[in-house]
Amino acid sequence: MSNSLNRRRFLSVTAAGLTAQRLLSPSSAAAQQPGWAALVQSVIAEGQRFDPGHVVEAARMLSKRPMVPLTNNDLPEGYANLPQDQYAGIRAKPSGLIWTGENRGFTIEPLHRGYVFSAPVALFTVEDDMVRRVAFDRGRFDYGKVNPPPEGQDLQFSGFRVATGLERPHEFALFQGATFFRALARGQHFGAIARALILRPGETRGEEIPFFRAYWIERPSPAAGALIVHALLDSESVTGAVRMTLRPGDISFVDVEMTLFPRANLDHVGFGCTMGTFFSGPQSRRTFDDLRPSIYEVSGVQMHSGSGEWIYRPVSNPSALQVSSFQDANPRGFGLVQRERDPAAFVDDDQRFELRPSVWMEPLGDWGQGSVQLIEIPTDSELNDNVIAYWRPRQPIAAGSETTIAYRQAWCWQPPDKPDLAMAVRTRQGRGSQGRRRRFAIDFAGEKLGDAALVAATRALVTATPGAIHNLRLWPFPERRAMRVTFEVDPGNDNLSELRLVLDAGGQPVSETWLNRWTW
C-alpha cells in the first residue's frame with residue numbers, strides 16, 4: 001500500500017507540464033445540499049429504486065450548472081497533512097467492511113480521507129434494487145497512531161478498496177483520487193493506474209483533472225462473479241456517468257461505459273488512459289546510482305491498429321518532456337504493457353516490478369479518427385507515474401452535446417489479443433562505434449523464429465528518420481525461437497530520430513513493428 005500512496009503525489013504537484021490537482025468538493029454534507037448533492041438526491045434518492053439511467057440523468061442535469069468548487073475545510077486539523085505512514089495505518093475494521101460474511105465473492109472497504117486524498121466522495125450501495133447510503137462512522141475504522149475525528153462528524157470517504165474470494169479474500173481493485181482506479185490479475189502486484197477521463201495532459205495551459213463525486217456499488221449475487229460500479233463524474237468542462245463491470249480472474253476485465261455532457265468544448269480529451277512508471281532500464285539513456293539494474297513497471301506501449309498492424313514502442317525516462325502521436329482510425333487495441341517477467345532484470349524483492357500488470361484497452365464500437373497519445377515525462381523519482389498513454393479523438397466534443405464511449409480493459413500478464421508474430425521482448429542501447437552513433441540491440445521471440453527455413457529468408461527492415469543505419473546484423477537462435485537485431489544510428493547534425501524496425505520474409509511480416517524515438 002505504501003508504494004501506491006507515494007505514487008499519487010505525482011498528481012498532486014506540478015511536474016513536467018502537468019498542473020497541480022485541484023481538490024473540488026463541497027466542504028461538508030450540509031454544504032452539499034443546496035448544490036450538486038441536492039440535485040443528485042432529486043434523481044437518485046436514498047431508499048428509492050435504482051436505475052443506471054438515473055446516474056446519466058444526474059450528470060445531464062449537473063452539466064447545466066456551473067461546477068461547485070471543492071474544498072477540504074471540513075477535515076479535522078492535521079488530516080490533510082498526515083504523513084503517508086500514519087495515513088496508511090487508518091484501515092477499516094473487519095466489522096466495517098461492506099458485505100463481509102455474506103459469501104458474495106466481494107467485499108468493499110471504504111477508505112478514509114486524509115494525506116493527499118482529502119477530497120470527499122459519497123458512497124452508496126444498491127441492495128435489492130434500492131439505493132442505500134454508506135454513512136461515515138468513525139467506529140468503522142482503526143486509526144492506528146492518528147487521533148480519531150470528532151464524534152458525529154460526517155467526513156464521507158476518499159474511495160474504496162475491493163477484495164474478492166471466499167476462503168482467502170485478496171485485494172483486487174482500488175478506486176481512490178480523481179477518476180483513478182486500478183485492478184489486478186491473479187498473482188499480481190498493483191502497478192499501472194487507469195483514469196476514466198483525461199483532459200489536456202502535457203499542455204502549457206495546464207491539465208484539467210476530472211473527479212468522481214459519488215459511487216453506487218451494486219451488491220452482487222453470490223454466484224455472479226462480477227461487480228458493477230456506477231460513478232458520477234464532474235469537472236470544470238464536463239460531467240459524466242460511468243458504469244464499470246469488474247470481473248476478476250487470471251485475466252481481470254473491467255468493462256467501461258461512459259456518457260459525457262460537456263459544459264465547454266473539449267478539444268483535447270483522452271479515453272482509455274493508463275499511467276505507469278519507467279525510471280531506468282537498458283532501453284533508456286538516463287542512468288541512476290542504484291544497485292538495481294532496472295526500475296520500471298511498464299516497458300512500452302503496444303498497439304493493434306485499425307488496419308491490423310501490430311506495433312510496439314518501448315518507453316523511457318527522457319531528459320525532456322516527450323509527446324508522441326500514433327495516428328489511427330478505429331483502433332483494435334492499445335495499452336501500456338510490462339513485457340519483462342524475469343526477476344533478475346530488477347533484483348527487487350520488495351517492489352517486484354515483474355509482477356506488475358499490463359493494461360490492454362479494447363475499444364467497443366466506432367471510435368473514428370484519432371491517435372494513441374504517448375507522454376513521457378522526465379523524473380528523478382521512481383515514485384512518479386511518468387508515462388501516460390490514451391486515445392485522443394481527432395474531432396473536438398462540442399459543448400452541450402452527449403457522447404458515449406465504451407471499452408474493455410484487460411488487467412493481465414500479457415494482452416489476450418496477441419499477434420501470430422515475433423514480439424520485441426527486450427530493447428538495449430549504448431554508445432556506437434564512432435562519433436554520435438548510437439547502437440541498438442532488439443531481441444525478438446516467437447514461434448515463427450523456430451522455423452529454420454523462415455528464419456533463413458528473414459531480413460530486418462530498419463529506417464531512421466532522419467539519420468542513417470549502419471552495421472545492421474541479424475543473430476538467429478532458432479533453437480530458442482529467438483532473433484537479435486543489432487544496428488547503429490547516425491543522426492548526422494540532427495538531435496532526434498524516429499526509428500522503425502520490422503522482420504520480413506518474402507514481403508510478409510515475421511514480427512510486430514518496433515518503433516522508437518531517440519534524442520541526442
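Two strands count as paired if DSSP finds at least two bridges between them. With that in hand, here are some close-ups of this predicted model.

**View 1. Strand S12 and its partner S13.** S12 and strand S13 (residues 238-247) run antiparallel to each other, with 8 bridges between them. To get from S12 to S13, the chain goes through a hairpin of 3 residues. Look for Ile228: its bridge partner in S13 is Thr245.

**View 2. Strand S12 and its partner S11.** S12 also pairs with S11, again in the antiparallel sense, this time over 6 bridges. Here you can pick out Tyr215, which stands opposite Ala231 in S12.

**View 3. The side chains of S12.** In a regular strand, side chains alternate between the two faces of the sheet. Leu227, Val229, Ala231 and Leu233 point one way from S12, while Ile228, His230, Leu232 and Asp234 point the other way. Is S12 enclosed or open? Because 8 of the 8 residues of S12 are buried, the strand is largely enclosed by the rest of the structure.

View 4. Side chains of opposite charge can pair when their charged atoms come close.

View 5. Glu207 makes a salt bridge with Arg195, and their closest N and O atoms are 2.7 Å apart. This is another link between distant parts of the chain: Glu207 sits in the loop between strands S10 (198-199) and S11 (211-218), and Arg195, 12 residues away, belongs to strand S9 (residues 193-195). Are these two residues buried or exposed? Both Glu207 and Arg195 are buried.

View 6. Glu57 and Arg60 form a salt bridge, with the closest N and O atoms 2.5 Å apart. They both lie in helix H4 (residues 52-62), 3 residues apart, or about one turn of the helix. Glu57 has a relative accessibility of 30%, so it counts as partly exposed. Arg60 is partly exposed too, with a relative accessible area of 24%.

**View 7. A salt-bridge network.** Which residues are linked in a network of salt bridges? Arg91, Glu109, Arg161 and Glu171 are.

Key:
Residues numbered from 1 in each chain as written. Predicted model: local features only at pLDDT ≥ 70, side-chain atom pairs only at ≥ 80, totals over all residues. Heavy atoms only, no water. Salt bridge = Lys/Arg side-chain N within 4 Å of Asp/Glu carboxyl O. Helix = DSSP H or I, 4+ residues; strand = E, 2+ residues; numbered from the N terminus. Buried < 20%, exposed > 50% of the residue type's maximum accessible area, 1.4 Å probe, protein only.
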